[in-house]
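These are my notebook entries on one structure.

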Amino acid sequence: MAEKKLIGQTALVTGANSGIGMGVALSLGQAGANVIINYVSNPEAANVLVEQIKSLGTNAIAIKADVSKEDQVQNMFKEAIEIFGTIDILVNNAGLQQDAKFDEMTLAQWQLVIDVNLTGQFLCAREAVREFLRRGMIPERSKALGKIICMSSVHELIPWGGHANYAATKGAIKMLMQTLAQEYGGRKIRVNSICPGAIQTPINKSAWQTPEALNNLMSLIPYNRIGQPEDIGNLAVFLASDDSDYITGASIFIDGGMTVFEGFSTGG
């Protein structure tokens, strides 16, 4: 059984009813945190996850909110705080792709990805910071005033043709995360990014669903396996706990070595 490093704390995970978000929410629940499952569609999956987390001996609720909409984000935080008293941990995970060649990309495709992946992180982080400052320190609960974990990607570093909108948001998330870490470090708010590589989730099913596709993917990953949502969840628990109290402003890559560019292993 996972060590209960987050007992008494409450975490909000956006986009938590599938993929990486679901893995993170489960890991936080296993570590003892109360968990708010944010979703925008498929409430059935969100409610199943709530019951899974409750079965671990902690509490969980599901709240529907579009993270790109200011009023919905504010209402989500208000509801969560009314139920749990405060929020200690925000995992800014919600994100999507709208892929196209750059010369064929529509403004709607560009704007949707910016709105969800970047503006959504801004809106949620702003409400979290406001709550941390309002609540004040609770030393017996955590050494930090609050923790924000931004879900970025290896594509904050690696350009990605055909995905200009997605890659642009991830590069921007890096600067948002570092700026918040700089601005609020003196108030003991820790802000970091998790940068996944290839993780086996529905968003990238085409990259792993056939043996041929999976074999092609392995040519990019020195560690020669695809990541799992629980890999990200384990890192999120570490970043949310006092074990990482001296880590802030960091992009932590969890990618099986993708960012060492395996294609150069035999020369350039």
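**Entry 1: cysteines**

I searched for disulfides, meaning pairs of cysteine sulfur atoms within 2.5 Å, and the structure holds zero. I was working with a predicted model, in which local features need pLDDT of at least 70, side-chain atom pairs count only at pLDDT 80 or more, and totals for chains, interfaces and linings use all residues. Residues are numbered from 1 along each chain as its sequence is written, and side-chain values use heavy atoms, with hydrogens and water left out.

I then checked burial, where buried means under 20% relative accessible area, exposed means over 50%, and partly exposed is in between (1.4 Å probe, protein chains only). C124 is buried at 1%, and C195 counts as buried at 0%.

**Entry 2: T14**

Helices (H or I, at least four residues) and strands (E, at least two) are DSSP runs, numbered from the N terminus. T14 is buried, with a relative accessible area of 1%.

I listed its contacts, meaning heavy atoms within 4.5 Å. Leaving out residues up to four places away in sequence, T14 touches N38, V67, L90, V91, N92, N93, A94 and C124. For N93 I also noted a distance: the side chain of T14 reaches the backbone nitrogen of N93 at 2.8 Å.

**Entry 3: salt bridges**

Side chains of opposite charge can pair when their charged atoms come close. I counted a salt bridge where a side-chain nitrogen of Lys or Arg is within 4 Å of a carboxyl oxygen of Asp or Glu. How many salt bridges does the whole structure hold? The search finds nine.

I followed D88 first. It forms a salt bridge with R135, with the closest N and O atoms 3.8 Å apart. This pair links distant parts of the chain, since D88 is in the loop between helix 3 and strand 4 (89-92) and R135 is in helix 4, 47 residues apart. D88 is buried at 5% relative accessible area, and R135 counts as buried at 17%.

The side chain of D88 also meets that of R141 in a salt bridge, at 3.2 Å from N to O. R141 lies in the loop between helix 4 and strand 5, so its pairing with D88 ties together parts that are 53 residues apart in sequence. R141 is partly exposed, at 27%.

I then looked at E131 and R134, whose closest N and O atoms are 2.7 Å apart in a salt bridge. Both lie in helix 4, three residues apart, which is about one turn of the helix.

**Entry 4: rings**

I looked for aromatic pairs, in which rings of Phe, Tyr and Trp (its six-membered ring) have centres within 6.5 Å; planes under 30 degrees apart count as stacked, over 60 as edge-to-face and the rest as tilted. The structure holds one such pair. The ring centres of W160 and Y166 are 5.7 Å apart and the planes are at 75°, so the pair is edge-to-face. W160 counts as partly exposed at 30%, and Y166 as buried at 11%.

**Entry 5: nonpolar cores**

A nonpolar core is a set of buried Ala, Val, Leu, Ile, Met, Phe, Trp, Tyr and Cys residues joined through side-chain atoms within 4.5 Å. The largest core has 32 residues, of which I36, F77, L90, I148 and V191 touch the most other members. Among the elements that give two or more residues to this core are strand 3 (60-64), helix 3 (70-84), helix 4 (107-135) and strand 5 (146-151). Helix 4 gives the largest share, seven residues.

I looked up I36 by itself. Leaving aside neighbours within four places in sequence, I36 is in contact with T10, A11, L12, V13, I61, I63, A80, F84 and I87.

Definitions and conventions:
Polar contact = N/O pair within 3.5 Å; in protein donor to acceptor, adjacent residues only side chain to side chain.
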